[in-house]
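Student: Please take one part of this model and go through it closely. I would like to hear about the packing and the ring contacts, with the cut-offs spelled out.

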Amino acid sequence: MRLPLRRLSTVVSMSLAFAIAACGCALLPHPGAGHGAPARAYYSSKTPYTPQEDPADLTRVPAGFTPVYTESVARHGSRALSSFKYDSLTMQVWEKARAEGALTRLGRTLGPEVEKLTAANQKLGYGNLTGQGAEQHRGIGERVVERLPSLFARIDAGSDTVALESSGEARATASGKAFAQGLETADPRIAAHLPADIQKDPDTLYFHKSAANADYQAYEDGPKVTATVDAITDQPRSHTVARHTLERIYTRAFVDRLAEGRYHFVDGGDGDTTVDDEVDAAMMLYNLYIIAPDMTDEVSVDFTRYITGSEAKWFAYLLDAEDFYSKGPAFRGNDITYKMATPLLDDFLDSMDARLAGSLTAATFRFAHAETIIPFAALIGLPGSTQQVTAKHPYTYATNAWRGETVTPMAANVQWDVFRNAKGRAIVRMLYNEKEIPFRAGCRPIARGSFFYDATEVRRCLTAALPADATPVAPRAG
């Protein structure tokens, strides 16, 4: 998330244009509507993982085909806060209000909740996998075995092996270890076929930080993304929603002073994030609201009392807007946000072909990050990740299906299962968050309406140019 907000004087007029276009106000309840708030929690990309389909409900594999390979890429599971930032700044604002006698009755409860959350993050380690995150990947590992029992039975009986790879970041590696535990729980004999260590492959799984993608890094921090995201964030509705949230916690006079820019707070971590107005302060609090459900094994806190569902929806939109432009489909005619995922796609295709050519690696499981999943989803045209926007018609919930909670929840994953028959024909099925889905428009299944595709067809269609708005998806309600 880009914080502090970088409000450029050159985008003032753009902001006014976006105020109408990006708002979607008619579809949003009034931000102060507590009792009528939506039931959904709106945790954006911090949404805890839920498998979208049971293995028993998957389409039957065509007669004569048996599984020969499976591979996946997954985001790490639920984690702690990335650094001492959102909690640091929320606490600083709260302490300032307390010193000025500007806390409401509800506001007096916030400081102790933040302190508990900070203590839990310090104990676990900022950025580390939580107990819930480990359990998410153990469950995914167990269900892979449940889905493909004959594949794992053949691995157990022969010389085939399993590959485990990660970005090298601690939470991704820990996710891989938890996944391996899930495999072993479902199939104890698989332990003999697992590698002693998880291989680190940052070029494939942490590509957004690679020196080879300096052009992307310049784009991400450049004026086009900055101006667009700032204009969306700085529209009047953001200030209105932030005020509704903060006035439950602080007096109106204190929120007025925040809004006037009379305070300046700097995070206690790396010092790169600040609070300079009421929108900044509300977004800091929202980031605590969305991390708390990922840390239920470590701490019992309740931030839902400070933010209503409709307010969370707006804050989720602001967070999603930044991810959409900096990592996702972004601007029409520009592939800079997702072309860097090409080495990952190549690895999927090459690993599959190697197995079909006789490789002993029967399964490859990769563990990475939202910064990996979001571009990969756009590159291969997954549902919700195909619609780009223009400057004239920016990203909004009302007009675009992209949502952090569905594109890249915690432990988000893309899995390919490969099957072959006695004649050597190989077919592929794809699952997204464990739900079988078709490959993108332009890919021809083996039969109309089928979820199975010839392996050669998968390579052909996924290495072809991505069609414009490849699989149009109507925006979901809310």
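**Helix packing and ring contacts**

Tutor: Helix α14 (residues 342-356) packs against α15 at an angle of about 70°, and their axes are 9 Å apart. Here helices are DSSP runs of H or I with at least four residues, strands are E runs of at least two, and both are numbered from the N terminus. Axes are lines fitted to C-alpha atoms, for helices over the stretch in contact, and angles run from 0 to 180 degrees between N-to-C directions. The α14 and α15 helices are therefore roughly perpendicular (65 to 115 degrees; under 35 is roughly parallel, over 145 roughly antiparallel, the rest oblique). On the α14 side, Thr342, Leu344, Leu345 and Phe348 make the contact, and on the α15 side Thr372, Phe376 and Leu379; contact means heavy atoms within 4.5 Å.

This is a predicted model, in which local features need pLDDT of at least 70 and side-chain atom pairs pLDDT 80 or more, while totals for chains, interfaces and linings use all residues. Residues are numbered from 1 along each chain as its sequence is written, and side-chain values use heavy atoms, without hydrogens and water.

In α2, Asp87, Thr90, Met91 and Trp94 meet residues of α3 including Leu110, Val114 and Thr118.

Now the rings. Rings of Phe, Tyr and Trp (its six-membered ring) pair if their centres lie within 6.5 Å; planes under 30 degrees apart are stacked, over 60 edge-to-face, and the rest tilted. This rule gives 24 aromatic pairs. One of them, Tyr286 with Phe315, is tilted, at 5.7 Å centre to centre and 50° between the planes. Tyr286 is in helix α12 (residues 278-291) and Phe315 in helix α13 (residues 309-326), so the pair ties together parts 29 residues apart in sequence. Tyr286 and Phe315 are both buried (under 20% relative accessible area; over 50% is exposed, in between partly exposed; 1.4 Å probe, protein chains only).

Tyr317 and Tyr397 pair edge-to-face, with 5.3 Å between centres and 65° between planes. Tyr317 is in helix α13, whereas Tyr397 is in the loop between α15 (370-379) and α16 (404-407), 80 residues apart. Both Tyr317 and Tyr397 are buried.
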